[in-house]
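Hi,

Here's the structure I said I'd pass along.

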Amino acid sequence: MTDTAVLELAGVAAGYGETVVIEDVALRLDKGESISVIGRNGVGKSTLLATIMGHTVLHDGVITLDGKDLSRVPVYRRAHAGVGYVPQEREIFPSLSVRENLYIGARPGRWDDTAIFELFPNLKERQDNAGNQLSGGEQQMLAIARALMSNPTLLLMDEPSEGLAPVIVEDLVKIMHELREDGSLAIILVEQNSRVALAFSERTVVMDRGRVVYDGTSETLRNDPDQLERLIGVTGE
């Protein structure tokens, strides 16, 4: 692995208990690089992120972050090492205020409440509201903001647009693009909406049956809907 690599997976097989969900996964992410991961439901996209975060059983392979082996490291130590995770279920604390949610797991760095409220002005306006008083879109933004407050070097986002109205997705996509263009974070976006995913990053990974079946430019898939359909079964329209 070279000095520019933030994350590298080599021969990774993982799942839940004895059940293997992803296998023989090789993936490399450089500093500041963003990639999208797409594929049909149930092919292992979310399991990939959960494995990087340490929520699954690792059956084989090696996971390194900034050159350090995380393969057998517990979840909390991966967070301290620089992995930020935005789970599909958001998992915000409903009885805590926005501000209190932000400071759970916060670590010193460029992402403090001032920077967060600049990126998410809606959260600034609602900072004293409880998590269960927020809309779905606001809860998703809070989940992303909370991950940023840990000041990670790698940000994992699992289906951030799921269940949100199109106008909210549009606002969320703008924020995601700002994070990508900032260049200080490596980002892996798992996204069912292939249109959003292919527009987000220059590089896309397609998974099928727990394996990586495509790792290349997003432009290739945008310009070849037949190939995209063969790979994931939908065109993203």
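Let me start with β3, which pairs with strand β9 (residues 203-208) in parallel fashion, with 4 bridges between them. In that pairing, valine 37 sits opposite valine 205 of β9. Before you read on: this is a predicted model.

β3 also runs parallel to strand β8 (residues 186-190), again joined by 4 bridges, and there serine 34 faces isoleucine 187. As for burial, 5 of the 5 residues in β3 (residues 34-38) are buried. That goes for both faces: Ser34, Ser36 and Ile38 on one side, Ile35 and Val37 on the other.

Then there's an open, antiparallel sheet of 4 strands, ordered β2-β1-β4-β5. β2 (19-30) and β5 (68-69) are its edges, each with a pairing on one side only. Helix α1 (residues 45-53) packs on this sheet and touches β1, β2 and β4, with its direction at about 110 degrees to that of β1. Inside the sheet, β1 (residues 5-16) and β4 (residues 57-65) are antiparallel partners over 7 bridges; one of the residue pairs is leucine 9 with isoleucine 63 in β4.

Charges over rings do turn up, though: arginine 110 lies over the face of tryptophan 111, 4.7 Å from the ring centre. Arginine 180 has its charged end over the ring of phenylalanine 200, at 5.9 Å from the centre.

Cheers

Methods. Residues are numbered from 1 along each chain as its sequence is written. This is a predicted model: local features need pLDDT of at least 70, side-chain atom pairs count only at pLDDT 80 or more; totals for chains, interfaces and linings use all residues. Side-chain values use heavy atoms; hydrogens and water are left out. A charge sits over a ring if NZ of Lys or CZ of Arg is within 6 Å of the ring centre and within 35 degrees of the ring normal. Two strands pair if DSSP finds at least two bridges between them. Helices (H or I, at least four residues) and strands (E, at least two) are DSSP runs, numbered from the N terminus. Contact means heavy atoms within 4.5 Å. Axes are lines fitted to C-alpha atoms, for helices over the stretch in contact, and angles run from 0 to 180 degrees between N-to-C directions. Buried means under 20% relative accessible area, exposed over 50%, partly exposed in between (1.4 Å probe, protein chains only).
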